[in-house]
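Dear colleague,

Please find below the structure that I am handing over to you. My findings follow it.

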Amino acid sequence: MIKLTSCKLITGLLLLLAALAVHAQMGLDIDLNRTVYMQYEPVYACISLRNDSGRALVFGSDPRLQGFILFEIRDANGRVVPKRPGAEISVTGLILGPGEVKRMVLPVNKYYNIDALGTYRINVYLSHSMLPSEYKSRDLKFQVAKGVDNWSRTVGIPDLTGKNAGKAIPRTYTIRSLVEGSNRYYYLIVEDAQKVFGVMRIGRAIGQEKFQAEIDMLSRIHLLMPVSPKVGHYLAFSIDGENIANEYRKTTSTIPSLLRDPVSGTVALVGGEPARIGIDFKDPSYGKTRASKLIEDDADDDAGGLPAVTPQEKRTAPVNRGLVDLAPKTSR
């Protein structure tokens, strides 16, 4: 009898809350971290929620407390972009206090198939059983592009065990450039005939400065990307797209450069000396937040690289080791 009475009290309380929430209002907005994306690059949306209902709004598993956040994405022909099979956005456990504003960063490409090249429009919907209607954000436009090839090299897969000699599919490193606004950015794409292993933004074009790229004896790629006329960014990646080196060098009496030993095949960064972020060059991370820290459901993947992407499945990986600008300039 005690349990039955408690259950009735809880049910009555939920119904009362639902009745009180008839006139509840929500503020809803969306921002994207960029306006142009390389194909298969993670696309992050920052969702801003503002509770103007005057009471707490709880997103729970009970039917009376269920709420949903859904994107609506359309291609250039106005067709709705489908969700990926089995991909669902869960907001269970979210609590918005009266007047509270919260922001969520979601990897859109994890949930929706936006792998195809072209222009898209995106908005976000929010619904809750305690709200009288759905709420819709403004529309934003973004583009998924292939970019322009600037450099490419196909390499074999090192076989240190001797068990897979000649069986592994060769990998290709491609550096492509993509124009966004007044800037041109470089990307490194690691792929083979069947999979895309990584799409990494590696730098911005600086005047007439040229980047350097070398492959070592283990088929790893080494890059020296210009940050300014006197500072270079040294990066190295494995054949799986994993970052294995990351440092900045500035010109002194010698100029930073990549040196490949023609006998051993080793690649070394020589010349210059370490550059100090914020002193020798502007901090490229200023004003930005690491995306992986803001995406709780992807926290376990933060240390890893991009999972394999098959062209047939067109499945884009959600992980990004880069930084996301939470207050970007987007097309309105």
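What is the accessible surface of the protein, and what percentage of it belongs to carbon and sulfur atoms? The model is a predicted one, and its accessible surface comes to about 17,700 Å². Carbon and sulfur atoms account for 53% of that surface.

As to the overall architecture, the protein contains three helices and 23 strands. It has 332 residues, of which 43% are buried. Among contacts with a separation of 6 or more, 60% are between residues 24 or more positions apart.

I then turned to the charged side chains. The whole structure holds 20 salt bridges, including the following.

- K83 and E88 form a salt bridge in which the closest N and O atoms are 3.0 Å apart. K83 is partly exposed, at 35% relative accessibility, whereas E88 is exposed because its relative accessible area of 53% is over the cut-off of 50%.
- E100 pairs with K102 in a salt bridge, with 3.9 Å between the closest N and O atoms. E100 is partly exposed at 29% relative accessible area, and K102 is partly exposed at 27%.
- R220 and D216 form a salt bridge whose closest N and O atoms lie 2.7 Å apart. R220 counts as partly exposed, at 27% relative accessibility. D216 has a relative accessible area of 5%, which is under 20%, and therefore counts as buried.

Finally, a network of salt bridges links K250, E273, R276 and D280.

With kind regards

How values were computed: Residues numbered from 1 in each chain as written. Predicted model: local features only at pLDDT ≥ 70, side-chain atom pairs only at ≥ 80, totals over all residues. Heavy atoms only, no water. Helix = DSSP H or I, 4+ residues; strand = E, 2+ residues; numbered from the N terminus. Buried < 20%, exposed > 50% of the residue type's maximum accessible area, 1.4 Å probe, protein only. Contact = heavy atoms within 4.5 Å. Areas by Shrake-Rupley, 256 points an atom, 1.4 Å probe, with all protein chains shown as cover. Salt bridge = Lys/Arg side-chain N within 4 Å of Asp/Glu carboxyl O.
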